[in-house]
Amino acid sequence: MTANPTKTYLWCTKCRRSFRHEDAPNNACPVCGDELHAIGKWSALARGIMAQELAPPEIKTKHRQIIRMIWTRNGMGEQYYRVLLPGIPYNRFEAQVTDLLCRGADEGWARFVIPAAPSDDESSYRLEFDDEDRFIAELTALFSPAN
Ligand SMILES: [Zn+2]
């Protein structure tokens, strides 16, 4: 990437929205993990206006980021990656597992515990499973060689 980071934004084709460079380390979309493309400020603005109706609300995006941070914390994301060897780039793996866990939370077999107020105690943010076997079965299905 040779583009000047102060003059460009990063665009995700899939999410149809732009990100600032500091919000997207490794040029990976913080929402879906896809590779981002640098675009100029005016282009980002124009595309952003056109895409606004399609973009997920910011609060939902942040909620998803918190879920991602909870399950990948303390190197857990990399550990899962090393064990599963999914054959896709890490960023994409992280996004797919985050999607899976969001579905798990929706369906009730995974639960994200978040303190009532922001806390320094990291252990008060955690992932719990009502059914850990379900998570393992879902992970295996998602990243089995057949897929
Ligand atoms: Zn994206």
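At what angle do helix 2 and helix 4 pack? I started with that pair. The model is a predicted one, so every entry here is read off a prediction.

**Helix 2 against helix 4**

I looked up the axes of helix 2 (residues 58–72) and helix 4 and found an angle of about 105°, with the axes 10 Å apart. Angles of 65 to 115 degrees count as roughly perpendicular, so helix 2 is roughly perpendicular to helix 4. From helix 2, the contact takes in Arg64, Ile67, Arg68, Trp71 and Thr72. From helix 4, I noted Glu94, Val97, Thr98, Leu101 and Cys102. Sorted by class, the contact of helix 2 with helix 4 comes out as 5 nonpolar, 2 polar and 3 charged residues.

**Cys102**

Next I checked Cys102, which sits in helix 4 (residues 90–107). Which residues does Cys102 touch, once neighbours within four places in sequence are left aside? I found Arg64 and Ile67. Arg64 and Cys102 are 38 residues apart in sequence, yet their C-alpha atoms are 7.6 Å apart in space. Is Cys102 buried, exposed or partly exposed? I counted it as partly exposed, because 17 other C-beta atoms lie within 10 Å and the cut-off for buried is 20 or more.

**The rest of helix 4**

I then went along helix 4 for its buried residues and listed Phe93, Glu94, Ala95, Val97, Thr98, Leu101 and Gly104. The buried residues of helix 4 pack against helix 2, helix 3, strand 4 (110–113) and helix 5 (132–143). I also checked the length of helix 4: its 18 residues should span 26 Å at 1.5 Å a residue, and the end C-alpha atoms are 25 Å apart, which agrees. Just after helix 4 I came to Gly108, where phi is positive at about 100°.

**Positive phi elsewhere**

Asn74 lies in the loop between helix 2 and helix 3 (76–84). Asn74 counts as exposed, because it has 8 C-beta neighbours inside 10 Å, and 12 or fewer is the cut-off. Leu85 also went into the notebook, with a positive phi near 40°. I placed Leu85 in the loop between helix 3 and helix 4. With 10 other C-beta atoms within 10 Å, Leu85 is exposed.

What is the strand order of the open sheet of 3 strands? I read it as 2-1-3, with antiparallel pairing. Strand 2 (17–19) and strand 3 (37–40) stand at the edges with a single partner strand each, so one side of each has no neighbour in the sheet. From one strand to the next, the twist averages 50°. I looked at strand 1 (residues 8–12) with strand 2 as well, and they pair in the antiparallel sense over 3 bridges. In strand 2, Ser18 is the bridge partner of Trp11.

**Whole protein**

Last, I stepped back to the whole protein. I counted 5 helices and 5 strands. From the N terminus on, they run β-β-β-α-α-α-α-β-β-α. Of the 147 residues, 16% count as buried. Taking contacts between residues at least 6 apart in sequence, I noted that 52% join residues at least 24 apart.

Notes:
Residues are numbered from 1 along each chain as its sequence is written. This is a predicted model: local features need pLDDT of at least 70, side-chain atom pairs count only at pLDDT 80 or more; totals for chains, interfaces and linings use all residues. Helices (H or I, at least four residues) and strands (E, at least two) are DSSP runs, numbered from the N terminus. Two residues are in contact if their C-beta atoms, placed from the backbone, lie within 7 Å. Axes are lines fitted to C-alpha atoms, for helices over the stretch in contact, and angles run from 0 to 180 degrees between N-to-C directions. Angles under 35 degrees count as roughly parallel, over 145 as roughly antiparallel, 65 to 115 as roughly perpendicular and the rest as oblique. Ala, Val, Leu, Ile, Met, Phe, Trp, Tyr, Cys and Pro count as nonpolar, Asp, Glu, Lys and Arg as charged, and the others, Gly among them, as polar. The expected span of a helix is 1.5 Å times one less than its number of residues. Two strands pair if DSSP finds at least two bridges between them.
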